Amino acid sequence: MRKTKSIKLGYSLKLALNGLFKNRVMTFSSVLVLFSCLVIMGSFLLVAVNVNENVNKIDGYNKIVVFAEKDTNDYDLELMREALERIDGVESVVFKSNEEALEEQLSEYNLQSEFLLEMYRDDNPLKDSFVLTYEPNASVETIKLHIDNTVDHVAKYNINMDVVTQINGLKNAFAIIASWLMILLFVVSIFVIINTVKLSVYARRDEIALMRYIGATDLFISLPYLIEGLIIGIVSAALAFGAQFLLYKYLMLDLIGRYDIITIIPFAELRNIIILGFTVIGIAMGFTGSIISLKKYNKENA
Amino acid sequence: MIKFTNVSKTYGDNTHALRNLTLEIKDGEFVFIVGPNGAGKTTLTKLMLHEELPTSGKIEVNGYDVVNIKKRHIPHLRRTVGVVFQDFRLFEKMTVFDNIAFAMHVVGTPKRVIKKKVHTLLKLVELEGKGGSYPYMLSGGEQRRVALARALANNPDTIIADEPTSNSDKNSSEHLMRLLAKVQEHNKTVIVITHDLSAVKRLDKRVITLADGAVISDIPGGDNDEEN
Ligand SMILES: Nc1ncnc2c1ncn2[C@@H]1O[C@H](COP(=O)(O)OP(=O)(O)OP(=O)(O)O)[C@@H](O)[C@H]1O
Ligand SMILES: [Mg+2]
């Protein structure tokens, strides 16, 4: 039984390689398109994570400072914290008492004196506050709305709206362009793979008809074409990974990473996700192309 | 066993290829099916292989309920029936050996077994030593014997030969009929569709005559001469 299986696979693999080689122009096009697709997708992704990484460092971005009304008691402050933590998209809430704020300010002015601290202690002009950090994708407008409606004792809050809006606008534009480009490329890839596989199915149509008569299973008949798709997917993914590595190394790390203010995430940290993503998408695209092609063929020849 | 019970087949709206046909062929029988063009002979074989479905009626082939068969069992049904096509359908780019081996590859037979079996089959159809030839190097009669060897490759219970002797001279058609008779001796059911009445007469086997989609006569073997 085992032996039988391995021979079947060997035979299918041989036919698959044969088919790919016979239609090498189409095979090459398939690999090229899928490869471009993956590299473009990967590049967008890598740029996006790096942009995110750097944007999050910008002061005031994705942080909101909520000030409590003066003389809010501890119990109400605790209620405030709970209410703030409940808001969707809020990642963390850090309480800063007016004393801490005072110390901080004094130290900023190099006035680190116990004396001043003591002097203001009982008549602290500053307010207690909470520093909210929200998720990069959360909507600031919604969070604002929630603060206004569900949190009591709020004196005021600070959001650096300009920075937020601008950066979010850029992020959205980037995401939209990336998505459309990717969808377009995936459609083109699938289309090219379908036609590549179709050509090799067509080249062997007599054989396939006879195989059916003889009693070959559908799986056996389809296997070479599924393998063709698989090979196209894996080869494209492997090439795309190599290209992505080089692009990242030379363009991101060496060229852009030279500027100290920009942090570029080391490739090693992203390598696994890229490998996984490319392999899964490559194989999925290859298989999908083959399956659609076979379905179409079976329909036309049923 | 092959059993058609009240089988009708209508193509489109009004081409009645078979009309309420009932017939039974026992295991190990040799049967000729004759009849004019368009009588429904090829349709009969297509129905047996689940290549076409009947409009109504019941079909049983080698233990399979062909009409209600599960899709994944169709290949197994087909492995019990070997078909010799009128146009041979040999692969021009494969040697005789590979043409026969192909049928076994397709059902997952190990290489070692294939090699042995092909030699046995070539011997059976009297084409020893032709394994390395390509189909175009062979005469029409020889090609037909390759097709027969291939049909036998997976050890089917039934062999169907559709017009196996058309366009061939008397000698080669006699040769093929003799081989088919030999196949029957290996406990296989043999169904021969033909217009070649001389072959029919010579072999003295059961003869089913179809016309316009119905059985118009069914003469058992051995009684042939008396009833004519
Ligand atoms: N796929 C099809 N679609 C429509 N009509 C068909 C189809 N196949 C066969 N027919 C019709 O069904 C009838 C029986 O055809 P069939 O091929 O079974 O005859 P046959 O006995 O094999 O004839 P021949 O001796 O010419 O091979 C004919 O009228 C034919 O035109
Ligand atoms: Mg016919």
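**Figure 1. Surroundings of Leu18(B).** Leaving aside residues up to four places away in sequence, Leu18(B) touches Val7(B), Ser8(B), Lys9(B), Ala39(B), Gly40(B), Thr43(B), Leu44(B), Leu47(B) and Gly213(B); contact means heavy atoms within 4.5 Å. This is a predicted model, in which local features need pLDDT of at least 70, side-chain atom pairs count only at pLDDT 80 or more, and totals for chains, interfaces and linings use all residues. Residues are numbered from 1 along each chain as its sequence is written, chains are lettered from A and ligands numbered from 1 in the order in which they are written, and side-chain values use heavy atoms, with hydrogens and water left out. Leu18(B) belongs to strand β2 (residues 15–25) of chain B. Helices (H or I, at least four residues) and strands (E, at least two) are DSSP runs, numbered from the N terminus. With a relative accessible area of 1%, Leu18(B) is buried; buried means under 20% relative accessible area, exposed over 50%, and partly exposed in between (1.4 Å probe, protein chains only). From Leu18(B) to Thr55(B) the C-alpha distance is 9.3 Å, and the two are 37 residues apart in sequence.

Figure 2. Chain B has eight helices and ten strands. Its 228 residues include 54% that count as buried. Of the contacts in chain B between residues at least 6 apart in sequence, 65% join residues at least 24 apart.

**Figure 3. Charged end over a ring in chain B.** The charged end of Arg89(B) sits over the ring of Phe85(B), 4.0 Å from its centre. A charge sits over a ring if NZ of Lys or CZ of Arg is within 6 Å of the ring centre and within 35 degrees of the ring normal.

**Figure 4. Lys156(A) and Phe67(A).** In chain A, Lys156(A) lies over the face of Phe67(A), 5.0 Å from the ring centre.

**Figure 5. Aromatic rings in chain A.** Over all chains, the count comes to nine aromatic pairs. Rings of Phe, Tyr and Trp (its six-membered ring) pair if their centres lie within 6.5 Å; planes under 30 degrees apart count as stacked, over 60 as edge-to-face and the rest as tilted. One of the pairs, Tyr248(A) with Phe267(A), is tilted, at 5.4 Å centre to centre and 50° between the planes. This pair links distant parts of the chain, 19 residues apart: Tyr248(A) is in helix α9 (residues 218–256) and Phe267(A) in helix α10 (residues 267–300) of chain A. Tyr248(A) is buried at 1% relative accessible area, and Phe267(A) is buried at 8%. Ring pairs join Phe241(A), Phe245(A), Tyr248(A) and Phe267(A) into a cluster.
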